[in-house]
Amino acid sequence: FVSSASISAFSPTPTPEFQFCNPSECVNGVCIDLIIDFECECYPGWTGDLCQIDIDFCEPLPLGPCNENGTITCDDGNSTYTCNCFSGFTGENCSVDIDECDSMPCQNGGTCTNFFFGIFACSCPADYT
């Protein structure tokens, strides 16, 4: 036979004398009371035992997830990042080469050739330059 007093003494619900969470413990997260300790559940973009370390989404430096051929810089934000693309590139990671020939810039039947970094060339038919 087990008394109800002994059952409540081992309840996983913390009582005030056994609460380990202090609202300020977890710098950028939520404190969770455990039976004899606490842990922090970090908000997105934060890590560390006390959620004190800002995750740098541009790591590994200098460009992180951004395409090295199409990106000028990677800007770390709160739980996100922004790739700043060179001219001629687009997309979340600057990995899409814009085809400048899609706008049909060559006139009089000229043939367009797309290059990197926003550069294109027109090959003109005879009698045109």
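Visitor: Why is N28 called buried?

Guide: N28 has a relative accessible area of 18%, and buried means under 20%, exposed over 50% and partly exposed in between, with a 1.4 Å probe and protein chains only; therefore N28 counts as buried. This is a predicted model, in which local features need pLDDT of at least 70, side-chain atom pairs count only at pLDDT 80 or more, and totals for chains, interfaces and linings use all residues. Residues are numbered from 1 along each chain as its sequence is written, and side-chain values use heavy atoms, with hydrogens and water left out.

Visitor: Which residues is N28 in contact with, leaving aside its neighbours within four places in sequence?

Guide: Contact means heavy atoms within 4.5 Å. With those neighbours set aside, N28 is in contact with C42, Y43, W46, L50 and C51. A polar atom of the N28 side chain lies 3.2 Å from the backbone oxygen of C51.

Visitor: Why does C51 count as buried?

Guide: The relative accessibility of C51 is 0%, which is under the limit for buried, so the word applies.

Visitor: What is stated about the phi of C51?

Guide: Phi of C51 is near 55°, a positive value in a residue other than glycine. Most residues other than glycine have a negative phi.

Visitor: Is D127 buried or exposed?

Guide: D127 has 80% relative accessibility, which is over the limit for exposed, so D127 counts as exposed. Phi of D127 is also positive, near 75°.

Note on methods. Polar contact = N/O pair within 3.5 Å; in protein donor to acceptor, adjacent residues only side chain to side chain.
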